[in-house]
Amino acid sequence: MSDTLTPSAVDTAPEAYPVSARNRVKRVHERGSYDHETVHAILDSAMLCHVAYVIDGQPYATPTIHWREGDMLYWHGSSASRMLRHLKAGTPACLTVSHLDGLVLARSGFNHSVNYRAAMCFGTARLVEDEAEKARALVGVVDRFYPDRSAGLRRITAQETKATTVIAMRIDEASAKIRAKGVGDEPEDMDFPAWAGVIPVRTVIGATETCPKIPAGIERPATLAPYAEGAVLDAALLATQRIYEG
Ligand SMILES: Cc1cc2nc3c(=O)[nH]c(=O)nc-3n(C[C@H](O)[C@H](O)[C@H](O)COP(=O)(O)OP(=O)(O)OC[C@H]3O[C@@H](n4cnc5c(N)ncnc54)[C@H](O)[C@@H]3O)c2cc1C
């Protein structure tokens with residue numbers, strides 16, 4: 001590791017990720033933070049992430065589903081996936097999550113912006129080879145999102161387990177960046193006669209569509225209550241993460 005990536009003691013507070021040249025937020029630095037609480041809340045309120053890595057000099061950013069246990073991030077997929085086969089090798093990776101929270105329309109095109117919460121996590125991806133850890137992860141990928149669901153499902157077969165690769169990455173360094181405010185117009189533009197404001201954006205749960213082949217008498221479980229119609233997805237995912245953590 002080069003000198004420029006040496007963590008700075010000044011920024012390393014308890015319950016915060018170390019800060020180095022790699023994860024220090026430089027551009028609009030006041031929007032950045034490194035504490036576990038902020039970074040984890042952004043990760044946990046999303047199901048989708050992008051995992052970035054380089055193969056033979058070519059960068060890729062693959063969208064996938066992630067889940068978190070402490071400082072460990074997990075993602076999984078088909079054993080035939082190029083991404084997963086490559087990441088098995090212990091590859092440096094960067095997992096990002098971003099939430100679009102609002103459209104910010106200013107009095108000039110230059111000052112248009114968006115409200116957002118984003119997290120970038122750096123570490124080294126590793127293949128989960130330990131059988132017990134893999135079995136726990138394959139339960140986790142279901143139960144983390146849908147509380148206690150695994151116990152009521154047909155058990156995973158040895159072949160399905162073999163066909164699935166699980167990757168883990170300890171978060172070595174991370175940063176969060178948040179914009180949560182109104183229009184940032186210049187004082188001299190304030191009287192300009194153009195509409196300006198924030199249009200909030202939310203991802204909301206829709207009406208359930210039960211599979212028509214379900215035998216009579218099987219109802220949607222009460223444990224899925226966080227995913228009630230009209231609920232905000234962020235909040236549902238945070239609630240189910242807390243249940244998963246016990
Ligand atoms: C939904 C969304 C829309 C955006 N739209 C724009 C846009 O149109 N134009 C634009 O310039 N920027 C936009 N951004 C901000 C963008 O993500 C970058 O923060 C910004 O471009 C500065 O990049 P940089 O590499 O120069 O940052 P630097 O500050 O040089 O990055 C240094 C380190 O800071 C941290 N960091 C930087 N950005 C983020 C982030 N977003 N989240 C978490 N950690 C971060 C990382 O650890 C990174 O390695 C948007 C962000 C989001 C989430």
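Which residues is Arg31 in contact with, leaving aside its neighbours within four places in sequence? The views below come from a predicted model, in which local features need pLDDT of at least 70 and side-chain atom pairs count only at pLDDT 80 or more, while totals for chains, interfaces and linings use all residues. Residues are numbered from 1 along each chain as its sequence is written, and side-chain values use heavy atoms, with hydrogens and water left out.

**View 1. Surroundings of Arg31.** Apart from neighbours within four places in sequence, Arg31 is in contact (heavy atoms within 4.5 Å) with Tyr116, Ala176, Lys177, Ile178, Arg179 and Lys181.

**View 2. The salt bridge of Arg68 and Asp44.** The two side chains meet at 2.7 Å, N to O. Arg68 lies in strand E3 (residues 58-69) and Asp44 in helix H1 (residues 36-44), so the pair ties together parts that are 24 residues apart in sequence; helices (H or I, at least four residues) and strands (E, at least two) are DSSP runs, numbered from the N terminus.

**View 3. The salt bridge of Glu160 and Arg154.** The closest N and O atoms are 2.8 Å apart. Glu160 is partly exposed, at 30% relative accessibility, whereas Arg154 is exposed, at 60%.

Definitions and conventions: A salt bridge is a side-chain nitrogen of Lys or Arg within 4 Å of a carboxyl oxygen of Asp or Glu. Buried means under 20% relative accessible area, exposed over 50%, partly exposed in between (1.4 Å probe, protein chains only).
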